[in-house]
Amino acid sequence: MQQQLECVSLQVCVSVLGPLESVVRRCLGPEGGSVLFTRDTGETLISRHGQRVLSTLHLEHPMARMVLDCVCAHAKSTGDGTKSFILLLSALLRAIQDSAHMRRKASWSNPALQNLANRLMALSRNELDDIIIHQVTPYASSYCSHHSDKLEHSILDYLISGYISGRTGAGQAEILKHILCEFYYKSKRDQNTTETISFIHSHFNVLHTRVAGLPVGCSEVIEGLVVTRDWSVWTELRGPIKALVLYESFGSSLGDNITVCFQQDWLSRTESITKQKLAYLLELQVNVVLSSVKQPECVLQWARMNHVALLECVDSDQLDFLCNINFPETLSHPQHIVMLKYCKRLQLGGLRCAQLGIYSNAHTLVLCAPAPGLLDQTVCVSRGSMEGSYAGWRSFACRWCV
Amino acid sequence: MSEPLLKLISTALQHHTTRYSDSGLFMGIFTLTLIENTKKYGLRTSTAIKVYKHLVEQCNVYLKGDSCGCKVPVEFSSCDSLVALAHSMITSKPACMLDSRETQQISSLITQAFLYSIPCNSSGTACFGRTVTIGIEGQSVNHSSVFPGLLLDVPEMLLPGDLERLGDGPFKVVLFGVSLSGDISEVGDVALEVHRGLNPERDLLQQLLKIGEQVVKDKVSLFACQKVVHPVLQHYLREHEVVVIERLGLALMEPFAKITGARAVASLFSLVPMEAYGLVAGLCFQDCGSKKLLQLLSSKHAAISTMVLCHRNETMLEELKMTCQRAEHVLRLTLREPYALLGGGCTETQLATHITHMNQSTAPTTAAALGISHSEFLMAVESFRSSLLAVALSLEHDGQDCLIDLTYGHRWVMDISSQTEVKHTCGCGLLEDRSNLEKTHLNTACQTFSPVFLENNDTQPKVLDSFSAKLNALNVAVEMASLVLDVKYIIKDVN
């Protein structure tokens, strides 16, 4: 493996950052646009989210990759400001390069650069905090001068709104902002802000549904949990409802390389075992069965005969969420019983889904977009806004002891 | 489709047509002309996006409001509007190769099937019915028809005499959802170790015959199975005058269950429960052209009907089937929103006129509210207007002139070559030509005016478009155009 030795100079740094800056620059601000990435496979990605755009670029130069790592670390701790980071960094390096003229030199020498680096570090460690606290923060504090419930709401609205406007087009920003705030408020009720945002943030995968083919304006917030599967067997039920959560099939699960010893009445015996298990469920007065796998035909028949609603092929993450949120009476692994408020059928843009009412404040965010690429962006931005709000809220809460 | 932006638009278009089955072309043309016009008028993209969003909201309000001139309520008491909707859907698909008489016949068949599928007199929650479509190749389109109930292929060895022997209905029915072939390999992909002296297949067959005995004892007349039935069982049942239908298929299980009220049995080793039996009101043979089919009539007013479509060859038949399904989908959408929009380009012209007129007077305030200049706002409105009119223009394929009248805002086609004194109507057929109706060419600038709202009109429009489909197409088109205009950088991964 050949190792290339490259002399790192300020010139190199500026030229490596140049392309990154030019890509990110076009996405910044209210007049900014999006970047469209395409692959030969036809996959497209549209984004104006700084971190996403930079992560999607294939960066070969080690310096560029190092900068990207810094961007990601910054995004992880603050959730925002990645484009500003790159632009400030580029501008700073260019200013240093240009200031060589002021010192009447052609360029900076290495020892001089090291000296400058040390002085910059000292500035940031000792003096930058003071400057921000005394010169910048007073402008922000007019929003934070009193602690009241109303204040909490508006801060969050601004956090979400700021995050969204920087990452989606003007057309969608209004709608997404409104829907995300609605999602937050409906999920909140008695909990405090930090708990709510942290809850939404950690369970976002389960608490959102995607619908392609409709305009973004059709996005909405629905009560309870939405499962993007239609009921295999449906009956009208009135709550409260006992639901059984299943992670495996009722029928005899036959793996590979099993030799079944065929005795007399084998088939009828397996059927009767299944029947016994099902009869036990009836004793428990279970009205709904939620299964993560496909159940055999006899289970469907049993469900139809006994007016039990059955939902198959549910995402196991959603089932785990249901179990955890409900403090179930555990029967025996792998079966759990949870209580549901209600069960409904739902139509989302032509897709038939199931809606489960749960005894908690969780709501589902239904995100719509005309095309899958745009849908990915919308979901990503929504998820990110929760992350960003979480980070932003944490620092706000720390500083103002809310 | 190599150009990534075009691919994005076409994906959105495909998703829209999957949902709504109509107005896909409208959406495509409108999106592309919006983008083109924005560039042509040299508008800043952020300005254009803001203005288009504002205008599309106005369109939504206008179209959903009460005094909308291009909206026609769909009355379910008379089927004229439904037939007109179906007719417009079919005429927009020339690949079906239907002449005008055939088009009229198919439109009324579609409407008939749709009306059959609306349940009536049902207690509890009404459940929407279904239309099953069967295609017969090689026959003239005139032989197509709609039958209530379900039509199935006639089982082998079933003769008219057998049906006569059954007598009059209702007949008891049993439905099996599992395979009755007696095949041990159904168990799964495992190795079986069989003890000496055991014959699993024989045991299974004995069990199947037990089922047969029970079914005969319970006086069942129709035995249906989703999959294959063992020939010995079939023979036994036929001897006892039970009609056997095998290989029903998964697609027909649900309509069959709805028509008869039978519940599919999945167990081979227990008695068939009494609740699993269903009833069918009648069984008879039906002739469709030269093919014979078995008709099952429901005793429960189940909203199931079968549409038999005939066409000369397979390609045209497939196209016709798809068109009919789409047309029925469009008719179903009217149940949610019982309106239709005027077709033939008249909605586009009216909408364009109305929007321009509305924004003329309020331009300064709106522009200030959006944070842009007055002239930019007006240019964006003009771009929106000409995009709408471009769609109306694209409807004319024969190079004739397209005109718009300055009173009602409808679209007219100037037929220069016509010599006869034929009463000329507008694109949708609602208005008749009058000598004092001033018109001008579509793609010229003209005085803005507010289109006159036609009240209490006796004539019905002849060409209608789906309301939900067009509204969604309008919204999605503006969103896609905004998305494409927003893109400032394209990075291609060439690997």
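**Pairing between and within chains A and B**

In this predicted model, strand E1 (residues 34–38) of chain A and strand E18 (residues 487–492) of chain B run parallel and are joined by 5 bridges. Strands here are DSSP runs (E, at least two residues) numbered from the N terminus, and two strands pair if DSSP finds at least two bridges between them. Within this pairing, Phe37(A) has Ile491(B) in E18(B) as its bridge partner.

The contact (heavy atoms within 4.5 Å) takes 58 residues from chain A and 55 residues from chain B. About 4900 Å² is buried between the two chains, and carbon and sulfur atoms give 62% of that area; buried area is the accessible area (1.4 Å probe) that two parts lose on being put together, summed over both.

Between chain A and chain B the count is 1 salt bridge, that is, a side-chain nitrogen of Lys or Arg within 4 Å of a carboxyl oxygen of Asp or Glu. A salt bridge joins the side chains of Arg48(A) and Asp486(B), at 3.1 Å from N to O.

Cys284(B) lies opposite Gln295(B) in E11(B). The hairpin has 2 residues between its strands, and Gly289(B) takes a positive phi near 65°.

Residues are numbered from 1 along each chain as its sequence is written, and chains are lettered from A and ligands numbered from 1 in the order in which they are written. Local features need pLDDT of at least 70, side-chain atom pairs count only at pLDDT 80 or more, and totals for chains, interfaces and linings use all residues, while side-chain values use heavy atoms, with hydrogens and water left out.

How values were computed. Helices (H or I, at least four residues) and strands (E, at least two) are DSSP runs, numbered from the N terminus.
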